[in-house]
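Work through the two exercises below with the sequence and the structure side by side, and try each task before you read its solution.

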Amino acid sequence: MKETMMEENPYRAMGEQIAQLEAEGKLPEGFDLEAACDDDRFVELLQELEPYGAIRVYAAERAAETAREAAREEVRREAMDRRKLPQPTRSNRLLSAEEDYAAMSPEAFRALENRLRNHA
């Protein structure tokens with residue numbers, strides 16, 4: 001009779017092994033069995049590996065993905081912080097070395113004239 005049950009549901013033995021691992025406390029910390037069972041990747045791993053190996057690989061993949069997302073968020077946050085820094089007020093364009101005396105206000109021209117007299 002047990003053989004006929006195995007033929008009907010080939011995943012029963014896997015389920016029993018996983019339940020035993022859970023009862024023994026051998027599942028990785030924070031491992032959500034229900035969420036894992038809903039994930040196609042976990043099902044693929046169960047077909048390729050023994051249940052304990054599939055659980056460990058799946059948990060490691062999830063941890064790596066979480067770490068990648070945290071790193072991306074940190075980079076985004078640092079980029080936003082850099083944008084908040086004061087920007088230089090000067091542009092990178094070259095300034096003319098010659099004074100445009102015709103465009104100067106009379107006060108600016110007198111100030112320049114006084115500076116030149118003082119330095120002479």
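**Exercise 1.** Which residues in α2 meet which residues in α5?

Solution. Before starting, note that this is a predicted model, in which local features need pLDDT of at least 70 and side-chain atom pairs count only at pLDDT 80 or more, while totals for chains, interfaces and linings use all residues. Residues are numbered from 1 along each chain as its sequence is written, and side-chain values use heavy atoms, with hydrogens and water left out.

Step 1. Looking for contacts (heavy atoms within 4.5 Å), we find Met14, Gln17, Ile18 and Leu21 on the α2 side, and these meet Pro51, Tyr52 and Ile55 in α5.

Step 2. Sorted by class, this contact has 6 nonpolar, 1 polar and no charged residues, where Ala, Val, Leu, Ile, Met, Phe, Trp, Tyr, Cys and Pro count as nonpolar, Asp, Glu, Lys and Arg as charged, and the others, Gly among them, as polar.

**Exercise 2.** Is glutamate 22 buried, partly exposed or exposed?

Solution. Step 1. Glutamate 22 belongs to helix α2, which covers residues 12-23.

Step 1. Its relative accessible area is 46%, so glutamate 22 is partly exposed, given that buried means under 20%, exposed over 50%, and partly exposed in between (1.4 Å probe, protein chains only).

Step 2. Leaving aside residues up to four places away in sequence, glutamate 22 touches Leu27 and Leu33, and its C-alpha atom is separated from that of leucine 33 by 9.0 Å.

Methods
Helix = DSSP H or I, 4+ residues; strand = E, 2+ residues; numbered from the N terminus.
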